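Please keep the sequence and the model in view while going through the numbered points.

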Amino acid sequence: MNDPARSVVIERLIPAPPRVVFDAWLDREALERFMCGGPGVRVTRAECDPRVGGAFLIVMNVEGHELPHRGEYLEIERYTRIVFTWRSHLAGEGSRVTLTFADRPRGQTMLTLEHVGLGDAEIRNKHHVGWSHILTELSGLTTPREAHDRRSKA
């Protein structure tokens with residue numbers, strides 16, 4: 001399953017500490033805000049049970065079509081790593097996403113996303129584009145002001 005030819009790897013420097021970035025991936029409201037795979041895509045429903053063995057559901061509305069994305073959390077290591085399965089209309093069954101969170105100077109996080117078990121080059125390219133957009137949305141969500149505003153609402 002770790003065949004590099006069937007995977008997508010993206011690194012992104014996020015302007016927030018690992019704790020904030022990590023928590024966003026396990027928070028239903030945050031997922032609704034950043035898990036948009038492209039311009040004009042919106043999340044119409046998000047559910048998550050953030051524990052090993054727990055499931056998540058993210059329904060994206062793409063050009064008027066409701067597309068479910070499902071998975072199960074396989075590993076959750078506080079503030080350093082999350083691993084989950086990923087099932088969608090494009091990925092099919094059997095793919096897996098690993099997120100690693102590395103502390104960087106000035107309260108930033110180097111986030112590495114690796115999605116393995118993908119099919120052909122077209123599917124990998126679509127996932128690369130989608131995940132890249134999602135990480136851009138996440139970067140905006142986790143700016144210091146956004147993170148402060150989210151903590152204030154809690």
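Predicted model: local features only at pLDDT ≥ 70, side-chain atom pairs only at ≥ 80, totals over all residues.

1. Two strands are said to pair if DSSP finds at least two bridges between them. Helices (H or I, at least four residues) and strands (E, at least two) are themselves DSSP runs, numbered from the N terminus. In the hairpin of β2 and β3, six residues stand between the strands, and G53 takes a positive phi near 95°.

2. Residues are numbered from 1 along each chain as its sequence is written, and side-chain values use heavy atoms, with hydrogens and water left out.

3. The overall plan comes next. The protein chain has four helices and seven strands, arranged along the sequence as β-α-α-β-β-β-β-β-β-α-α. Of its 154 residues, 43% are buried (under 20% relative accessible area with a 1.4 Å probe, protein chains only; exposed means over 50%, and partly exposed lies in between).

4. Strand β2 (residues 42-48) is antiparallel to β3, with six bridges, and E47 has L57 of β3 as its bridge partner. Eight bridges join β3 and β4, again in the antiparallel sense, and F56 stands opposite G71 in β4. The pairing of β4 with β5 is antiparallel over five bridges; here Y73 has F84 of β5 as its bridge partner.

5. Which residues line the largest cavity? They are W25, L26, L31, M35, F56, I58, Y73, I82, F84 and W86. A cavity is a set of points, on a 1 Å grid over the protein atoms alone, where a 1.4 Å probe fits but cannot get out, and lining residues have an atom within 4 Å of a point. The largest cavity holds about 70 Å³ of space, a volume being the space filled by probe spheres set on the points, which are joined across faces, edges and corners. β5 provides the largest share of this lining, three residues. The lining comprises 10 nonpolar residues, no polar and no charged ones (Ala, Val, Leu, Ile, Met, Phe, Trp, Tyr, Cys and Pro count as nonpolar, Asp, Glu, Lys and Arg as charged, and the others, Gly among them, as polar).

6. The largest pocket deserves a separate point. A pocket is an open set of grid points with protein on both sides within 12 Å along at least five of seven lines. The largest pocket has about 350 Å³ of space and 18 lining residues, of which G37, H69, L90, K126 and G130 lie nearest its centre. With seven residues, α3 (121-141) gives the most to this lining. Nine of the lining residues are nonpolar, eight polar and one charged.

7. Finally, is Q108 buried or exposed? Q108, in strand β7 (residues 108-116), counts as buried because its relative accessibility is 16%. A polar atom of its side chain lies 3.2 Å from the backbone oxygen of P105. Leaving aside residues up to four places away in sequence, Q108 touches L13, I14, P15, A16, P18, A102 and D103, where contact means heavy atoms within 4.5 Å.

Definitions and conventions
Polar contact = N/O pair within 3.5 Å; in protein donor to acceptor, adjacent residues only side chain to side chain.
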